[in-house]
Amino acid sequence: MTNTEDKLDEQIIDRDPIRQFQKWFSEAVTARLPQPEAMSLATVSGEGNPSARMVLLKQVDDQGFVFFTNYRSSKARDMEANPNVALVFFWSGLERQVRIEGSVTKTSAEESQAYFATRPRESQIGAWTSPQSQTISSRAELEKKQAELEQLYEGEPVPWPEHWGGFRVRPQRIEFWKGRVGRLHDRIVYERNGETWTIKRLAP
């Protein structure tokens, strides 16, 4: 059920967009929306070609928004060529959207290792199994490699692959959107100015 009576008021929203995001994210989790951590990641290749896909938010703090992936994937190659990216969260059950623009850096090896250790074993094996974004001959090829790796690491911890790790998006611009009656939606944008943020209201 959507809620168009909810609203965004620049007089009462948090002056820090990260805290405002954390408030909205917590409310999306409380509302039991499906995969509230799912976000669209848009990248641009070195040739200027845009691409977008869904990834999962794993951490957010004052330093930015963190997700993990294969460093040999097409999105990782895009971000190596052009670190400017955009994220979008859309929580339809609350009629809320958050758009984030910023630049990425890799997380430290220690951060990547620590998160990898918390993943389900099947996902750990999968990180070694898949040559992400590369052409493969068949699914059978993947399943054969998966079986070989399961046998190789049977009874042992799965080691962290150095080609797998995190990216942190440091935001420069964050827009909060709230659906309202008659399509007169609320749009509040935060723009980074050094270490502070300016807040503006945009027309819907």
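Predicted model: local features only at pLDDT ≥ 70, side-chain atom pairs only at ≥ 80, totals over all residues.
Leaving aside neighbours within four places in sequence, which residues is Arg96 in contact with? The contacts are Asp6, Trp24, Glu27, Phe89, Phe90, Trp91, Trp177 and Lys178.

**Stop 1: Arg96**

Arg96 is found in strand β6. With a relative accessible area of 6%, Arg96 is buried, because the cut-off for that class is under 20%. Show its side chain together with those of Asp6 and Glu27. Polar contacts of 2.5 Å join the side chain of Arg96 to that of Asp6 and to that of Glu27.

The contact with Asp6 is also a salt bridge, at 2.5 Å from N to O. This pair links distant parts of the chain, 90 residues apart: Asp6 sits in the segment before α1 (17-30), and Arg96 in strand β6. Asp6 is partly exposed, at a relative accessible area of 23%. As background, side chains of opposite charge can pair when their charged atoms come close.

**Stop 2**

Next, select residues 84-91, which form strand β5. Colour its two faces separately. Val85, Leu87, Phe89 and Trp91 make up the covered face, while Asn84, Ala86, Val88 and Phe90 make up the uncovered one.

The hairpin of β5 and β6 has four residues between the strands. Pick out Glu95 in this hairpin: its phi is positive, near 50°.

Then bring in strand β1, residues 38-44. β1 and β5 run antiparallel and are joined by three bridges. Leu41 has Leu87 as its bridge partner in β5, and Leu87 belongs to the covered face of that strand.

**Stop 3: helix α2**

Select residues 74-81, helix α2. Which residues of this helix are buried? They are Lys75, Ala76, Asp78 and Met79. Turn the view so that you look down the axis of α2: the buried residues fall within an arc of 155°, so they line one face of the helix. Show what covers these residues, which includes β1, β2 (50-56), β4 (64-70), β5, β6 and β7.

**Stop 4: the salt-bridge network**

How many salt bridges does a search of the whole structure find? The count is 19. For a linked set, select Arg99, Glu101, Arg173, Glu175, Arg187, Glu191 and Lys200, which form a network of salt bridges.

Begin with Glu175 and Arg99, whose side chains meet in a salt bridge of 3.1 Å, N to O. Glu175 is in strand β7 (residues 164-178) and Arg99 in strand β6, so the pair links distant parts of the chain, 76 residues apart. Is each end buried or partly exposed? Glu175 is buried, at 2% relative accessibility, whereas Arg99 is partly exposed, with a relative accessible area of 30%.

Move on to Arg173 and Glu191, whose side chains form a salt bridge of 3.5 Å, N to O. Arg173 lies in strand β7 and Glu191 in strand β8 (residues 186-193), so this pair ties together parts that are 18 residues apart in sequence. Glu191 is partly exposed, at 26% relative accessibility.

Terms used:
Residues numbered from 1 in each chain as written. Heavy atoms only, no water. Buried < 20%, exposed > 50% of the residue type's maximum accessible area, 1.4 Å probe, protein only. Helix = DSSP H or I, 4+ residues; strand = E, 2+ residues; numbered from the N terminus. Pairing = 2+ DSSP bridges. Salt bridge = Lys/Arg side-chain N within 4 Å of Asp/Glu carboxyl O. Arc of directions from axis to C-beta. Contact = heavy atoms within 4.5 Å. Polar contact = N/O pair within 3.5 Å; in protein donor to acceptor, adjacent residues only side chain to side chain.
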